[in-house]
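Student: Could you take me through one part of this model up close, and then show me how the rest fits around that part?

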Amino acid sequence: MFRLAPSALVALLCAPLASTVVVASSQHAELLLLAPAARMEQRCNAKAMGTIDREHRDMHPDELVAYAFSDPRTNGSTLTAPGAAVRSGGKWYHLSYVCETAGDGTEVARFTYSLGTVVPQDEWEGHYLVP
């Protein structure tokens, strides 16, 4: 019979968790390199895509343009993106969201959104939307 030493078993079980922590730490460090407004927009865009992916089982967002139909606005730690668009399954959808960040702008304290209709393909080019 083959037996693992307890320390080896712990190392095997914790290895996937350790790599996740390293990736998360690396992403956090990369966000901190951005200017505060860009950091907030990147974090909020990621929150939007993750939330849509979880709440709409038929959608798997792979791209988001916060400024597609109108410029996002910041007010302190809150980003409002009323004219965003999100891509899923080769289609773009209208999106608006309000996102409040906390701390250094890498954490989301509050997030609300409204997912709209499909953006017709003949409008993509004029709104920075790529196939």
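**A close look at one glycine**

Tutor: Let's start with Gly-89, which is exposed, because its relative accessible area of 72% is over the 50% cut-off. Keep in mind that this is a predicted model. Gly-89 sits in the loop between β3 (78-88) and β4 (91-102).

Zooming out, the protein chain has 2 helices and 5 strands, and from the N terminus on they run α-α-β-β-β-β-β. Of the contacts in the chain with a separation of 6 or more, 47% join residues 24 or more positions apart. Buried residues make up 28% of the 131 residues. As for the surface, the chain exposes about 8300 Å², and carbon and sulfur atoms supply 57% of that area.

The largest pocket has a volume of about 270 Å³. Its lining takes two or more residues from each of α2 (36-55) and β1 (63-65), and α2 gives the most, with 6 residues. In total 14 residues line this pocket, and those nearest its centre are Glu-41, Gln-42, Asn-45, Ala-46 and Met-49. By type, the lining splits into 8 nonpolar, 2 polar and 4 charged residues.

Note on methods. Residues numbered from 1 in each chain as written. Predicted model: local features only at pLDDT ≥ 70, side-chain atom pairs only at ≥ 80, totals over all residues. Heavy atoms only, no water. 1 Å grid on protein atoms, 1.4 Å probe; cavity = no way out; pocket = protein on both sides within 12 Å on 5 of 7 lines; lining within 4 Å. Points joined across faces, edges and corners; volume = space filled by probe spheres on them. Helix = DSSP H or I, 4+ residues; strand = E, 2+ residues; numbered from the N terminus. Nonpolar A, V, L, I, M, F, W, Y, C, P; charged D, E, K, R; others polar. Buried < 20%, exposed > 50% of the residue type's maximum accessible area, 1.4 Å probe, protein only. Contact = heavy atoms within 4.5 Å. Areas by Shrake-Rupley, 256 points an atom, 1.4 Å probe, with all protein chains shown as cover.
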